[in-house]
Amino acid sequence: MELKIEAILAEKAGKACKELFGELPAEKQLQIQPTRKDFKGDYTLVVFPLTRLAGKSPEQTAEAIGEQLQKDCSFINSYNVVKGFLNLELTGAFWKDSFEKIFSREDYGFQAAAGDELPYLVEYSSPNTNKPLHLGHIRNNLIGYSVASILKANGHNVVKTNIVNDRGIHICKSMLAWQKWANGETPDSAGMKGDLLVGNYYVRFDKEFKKQVAGMLEQGMSEEEAGKKAPLMAEAQQMLKDWEAGKPEVLNLWEKMNSWVYKGFDETYRRLGVDFDKIYYESETYKHGRELVEKALKEKVLFTKENGSVWVDLRDEGLDEKLLLRADGTAVYMTQDLGTAVQRYEDNNGFESHIYVVGNEQNYHFQVLKIVLKKMGFDWSDKLYHLSYGMVELPEGKMKSREGTVVDADDLMDEMIKTARDMSEELGKLDGYTDQEKKKIYTQIGMGALKYFILKIDPRKNMTFNPRESVDFNGNTGPFIQYTHARIKSVLRKAREQGLSWEAEAGSGYGEPVALLDKEKELVKILLNFREVVSEAGLQFSPALIANYCYELVKEYNQFYHDHTILGEKDELQRKFRLRLSELTGRVINTGMGLLGIEVPDRM
RNA sequence: GGCUCCAUAGUUCAAUGGAUAGAAUAGCGGUUUCCUAAACCGUAGAUCCAGGUUCGAUUCCUGGUGGAGCUACCA
């Protein structure tokens with residue numbers, strides 16, 4: 001169990017204060033942070049908060065604490081004071097020892113599992129079965145999968161879950177359009193992925209519906225009225241009622257079309273590299289939701305309006321009234337989500353937390369969901385957490401399906417992999433590999449570029465997806481990181497070919513500690529931080545922290561690699577150390593990128 | 001109208017209330033007889049506005065301005 005260096009130093013500084021000034025400062029008064037690049041030192045104590053306690057100027061306070069610390073701690077080499085900042089420099093032996101400790105850990109970065117803990121549920125993806133997945137879904141899936149991986153790395157039990165929105169008026173629209181205009185077309189007959197085919201009929205419905213409305217407007221009807229009374233809409237609504245009533249023809253059609261969609265989704269999920277432990281279907285959970293609503297209605301938690309629709313009054317909470325069942329008795333989105341939440345709680349005998357990876361346009365929905373559950377008597381609704389991620393926009397603005405500006409998930413993946421192939425062929429580094437090996441590497445690079453491009457951004461923020469920039473493989477990109485990994489692997493391969501070894505010899509220790517060069521020390525520092533970054537990413541549900549860490553690590557390694565030779569180093573201890581440094585860097589890149597769902601090739 | 005979120009180089013992104021606000025990309029200029037140049041180095045360029053709290057504010061508070069989202073018997 002490695003202790004955070006900052007925590008150790010803070011504790012020591014606290015002791016020093018007690019000795020010097022007779023009082024132990026509060027924890028938050030002891031601020032230890034990495035020393036900024038332009039100053040000499042490794043860690044810095046900010047002494048401003050301590051000046052009152054010391055009754056001295058910042059400089060005097062820092063000086064006194066520095067002197068005391070150096071006396072007490074053998075691993076502090078020297079200190080210096082700049083204004084109110086006490087910069088501490090640790091000894092080379094300290095860094096060396098710390099490095100060897102983490103180097104010898106096979107699973108460095110992971111926290112041992114806490115066996116009996118209740119699971120963390122992570123819901124992500126949540127597709128509608130009426131159209132194929134697009135760029136927005138990609139962000140959702142990547143964040144969800146990565147957050148689940150990060151939580152696991154922090155020792156939590158994780159259940160990856162998905163709610164498939166497989167019923168509702170939107171599904172009926174595509175069914176209706178297929179019935180009317182498809183002439184029995186199937187994915188096989190059309191040679192098309194099932195989700196794409198169904199999506200086309202959803203679009204077709206919208207087009208025909210608009211035509212009807214336009215016609216009715218010409219006859220002098222208001223837009224709102226026309227929208228409600230258009231015959232196509234009425235047919236779709238009737239179909240939804242028939243579906244809830246269990247009418248066989250409707251159910252058969254529904255099952256047939258959904259099965260096409262699932263086949264298409266499975267393919268997309270497989271390519272994205274995401275999976276689920278348990279999938280829920282709205283067509284099953286909505287009933288549970290309706291029962292909950294009916295029960296709550298009896299308990300007078302909810303109320304009925306004169307047309308028979310069921311509502312919850314949230315005005316006491318500063319919100320509005322919210323519909324839970326339509327006048328015709330059919331369920332809405334909220335009804336289903338209530339049922340799903342309760343069912344999941346029961347299925348897992350409770351949970352530690354339930355994280356919903358859902359777009360920020362649904363902030364209101366989740367606010368309501370939590371309150372309604374609480375009103376219904378489910379105290380655990382506090383454990384629901386909406387990981388509200390921002391929208392993906394294109395440089396031209398929002399994606400609009402009607403205007404054909406939606407970026408299709410499959411198309412995008414194809415495009416990225418194709419770019420990776422073109423670029424690799426141009427560089428010619430994979431000459432001599434079989435087509436299958438090449439294809440695998442192109443896929444890894446293309447997908448790595450896509451995933452990293454999306455995950456490096458703070459999930460909570462809206463992001464702009466610029467297709468041109470996304471296929472740029474230089475700079476802060478996935479391929480840049482993958483490239484460094486491949487380079488490290490190449491060095492290690494060569495070292496092995498030359499019969500070199502760099503593992504510690506049993507019992508002999510590592511010999512006299514060699515003095516660390518600046519670049520080596522910086523690299524060690526960053527490597528030592530990894531565990532802490534994984535922990536923080538778990539607390540914040542933020543893959544971006546891992547992504548940015550990997551980039552920082554790789555950048556530092558590339559500088560080290562550029563400035564110092566590894567295999568050409570004459571001093572044996574030094575050479576072995578650099579090989580170990582390279583190996584661990586490679587391992588950490590592999591682990592870190594793995595937490596983002598990104599594979600790193602051994603050569604590229 | 002109400003509620004929520006956002007605003008940082010030309011552009012895309014960073015920065016637990018701490019020192020001279022970091023990167024990438026685009027621009028300009030360099031580095032390869034040597035472990036993978038998808039690399040490395042140099043140069044130039046930014047905190048929306050006005051107040052407030054603080055020893056110290058990109059960060060916290062108030063008020064503006066600009067943008068996004070929600071406020072559906074859609075999901």
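In which handedness of crossing does α11 pass α15? The crossing is left-handed, a term that applies if the near helix is turned anticlockwise from the far one by less than a right angle; clockwise would be right-handed.

The model is predicted: local features need pLDDT of at least 70, side-chain atom pairs count only at pLDDT 80 or more, and totals for chains, interfaces and linings use all residues. Residues are numbered from 1 along each chain as its sequence is written, chains are lettered from A and ligands numbered from 1 in the order in which they are written, and side-chain values use heavy atoms, with hydrogens and water left out.

Helices (H or I, at least four residues) and strands (E, at least two) are DSSP runs, numbered from the N terminus. Helix α11 spans residues 248–272 and packs against α15 at an angle of about 35°. Their axes are 10 Å apart. Axes are lines fitted to C-alpha atoms, for helices over the stretch in contact, and angles run from 0 to 180 degrees between N-to-C directions. From α11, the residues T268, R271 and L272 take part; they meet A409, D410, M413, D414 and I417 of α15. Contact here means heavy atoms within 4.5 Å. The residues of this contact comprise four nonpolar, one polar and three charged. Ala, Val, Leu, Ile, Met, Phe, Trp, Tyr, Cys and Pro count as nonpolar, Asp, Glu, Lys and Arg as charged, and the others, Gly among them, as polar.

A residue is near the strand if one of its heavy atoms lies within 4 Å of it. There are 67 residues around RNA strand B, and N307, K429, Y483, Y561 and H564 come nearest. Of the RNA atoms within 4 Å of the protein, sugar and phosphate account for 62%. The surface divides into 27 nonpolar, 23 polar and 17 charged residues. Helix α18 gives the most, with seven residues.

The side chain of Q31 places an N or O atom 3.0 Å from a base nitrogen. A backbone N or O atom of A327 lies 3.2 Å from a base oxygen. For A486, a polar backbone atom is 3.4 Å from a base oxygen.

One is open, with four strands in the order β1-β2-β4-β3 and antiparallel pairing. Strands pair if DSSP finds at least two bridges between them. The edges are β1 and β3 (76–82); each has a single partner strand, so one side of each is left without a neighbour in the sheet. Neighbouring strands are turned by 25° against each other on average, direction ignored. Six bridges join β3 and β4. I76 stands opposite L90 in β4.

The other open sheet has three strands, ordered β8-β9-β10 and paired antiparallel. β8 (303–304) and β10 (321–325) are its edge strands. Four bridges join β9 (310–313) to β10, where E321 is the bridge partner of D313. Helix α12 (282–298) lies across β8, β9 and β10, at about 120° to β10.

Notes:
A polar contact is a pair of N or O atoms within 3.5 Å; within protein, one must be able to donate a hydrogen and the other to accept it, and residues adjacent in sequence count only if both atoms are side-chain atoms.
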